[in-house]
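Q: Hi! Could you walk me through this one while I have it open?
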Amino acid sequence: MLSDDDILAAVRRGLGAPGADDAAFPAAGAHITRHLLVAGEIVRCVETRTEGTAFHAGTRDLSDLPEYDVLDRYPVPPPADPGAARSTLRLVRRGSVAAHACSTCTNGRKPCARCRGAGDVACRTHVPCAGCEGRLCCLACEGTGKRAREAADRPQGETASRVRCRKCGADDAACGKCRGAGRKKCGVCGGTASRPCPDCAGGGTVSHDFCAGTGRYVEWTEGVVVREPVVDTVEESSDLPARAFAWTNEADAWNRVDHVGEDAFPPDGTDTGSGPGTRTDLTKATDLTKDTDLTQDTDLAEVAARLKPRLGFRDGEVARRVRVRYLSLARVTHDDHPDRVYVVIPGRPAPRVVTVRSPRRAWRLAALALLVLVAVVAVSRLLT
């Protein structure tokens, strides 16, 4: 954490004054407040357990699945990575597996519903002629065998030759395909009025879907353990606008917390490294939901306080990972610079300074813009 002298020296450098020239930005009249940026995520592995009846058509060897007695008591080790993709573990309750013979079929076959086990279905004995479709099959008798008083006109555009009608004997009058009959025997049944059933191919039986044609099925009580990550994003800036994160970059002296487990911070709040930008080793940590003495690192203590409301355990939570970074910024105002706010960001080799408008300056600009707008409206009304 930067001292007040370091912060003022950084602002002086940002103003282009020598660091030792206190007159450029005197300590008197300077007001320094410290603000913490916290960003990262809390990833929880949430587990759900359900139990129900499972079914498999045919036979199945379930010896490869783990067995359990009480699903809620079956131990499943916590995941090494709480953020791992969704996983599903299937279990079999001990003694629940039962194999059955299918009672609604015969060796996996059942009567065909379409032909009712007969193997064939009704069929038309004759079908319309593909050449004339029964219309103008004979220009002399129209398929009746008795000649009409006047012959019908040939169909417009007809190119096929006509033959002698087998019914009335008229020459060059009948369709060449049916010879005046207007229909032909069915090509499927040959005029027998019966054809093999298309569903059972004439066998009279079909495979039983329930048992997949095996005549057997297996039932058991199945327990399912599903684990999936739930991510809680953290991005907080104490008393600073949200755009404060845009003022920083990866080269700044971020401190990092990276811990997998129920705990989140070391008991004393100290880092194993030294100086800013180090990574906290949290192998020996304490639960943040408990009161913790973090007086040795006030920034880490504030991070702990910020995260504490988020760290309550959710239903089904079996593991968590806390991965956040935090950076302490200094906000500086000065009585001699009422229109500017200086934000000092720790970093290497030296702190950076971002200059923004003060609230007072922003209000003045807004008021000026409003006055200009009122003046424009007033002038426009006078001109009209």
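A: Happy to. One term before we start: a polar contact is a pair of N or O atoms within 3.5 Å, where, within protein, one must be able to donate a hydrogen and the other to accept it. Also, this is a predicted model.

Q: Good. What does the side chain of Arg 320 reach?
A: The backbone oxygen of Leu 311, at 3.0 Å. Its side chain also makes a polar contact of 2.7 Å with the side chain of Glu 317.

Q: And where does Arg 320 lie, and is Arg 320 buried or exposed?
A: Arg 320 lies in strand β14. Buried means under 20% relative accessible area, and Arg 320 has 1%, so it counts as buried.

Q: Switching topic: which residues in the largest nonpolar core touch the most other members?
A: Leu 37, Trp 247, Leu 329, Val 343, Ile 345 and Val 354, out of 14 residues in that core. Strands β1, β14, β15 and β16 each supply at least two residues, and β15 gives the largest share, with 3.

Q: What does Trp 247 touch, leaving out residues up to four places away in sequence?
A: Pro 241, Val 343, Ile 345, Arg 352, Val 354 and Val 356. Apart from this core lies another one of 12 residues, including Leu 36 and Tyr 326.

Q: How many cavities of 30 Å³ or more are there?
A: The count is 1, with about 30 Å³ of space in the largest cavity.

Q: What lines the largest cavity?
A: Among others, Met 1, Ile 7, Arg 34 and Ser 328. By class, the lining has 7 nonpolar, 1 polar and 1 charged residues, and β14 contributes the largest share, 3 residues.

Methods:
Residues numbered from 1 in each chain as written. Predicted model: local features only at pLDDT ≥ 70, side-chain atom pairs only at ≥ 80, totals over all residues. Heavy atoms only, no water. Core = buried A, V, L, I, M, F, W, Y, C linked by side-chain atoms within 4.5 Å. Buried < 20%, exposed > 50% of the residue type's maximum accessible area, 1.4 Å probe, protein only. Helix = DSSP H or I, 4+ residues; strand = E, 2+ residues; numbered from the N terminus. Contact = heavy atoms within 4.5 Å. 1 Å grid on protein atoms, 1.4 Å probe; cavity = no way out; pocket = protein on both sides within 12 Å on 5 of 7 lines; lining within 4 Å. Points joined across faces, edges and corners; volume = space filled by probe spheres on them. Nonpolar A, V, L, I, M, F, W, Y, C, P; charged D, E, K, R; others polar.
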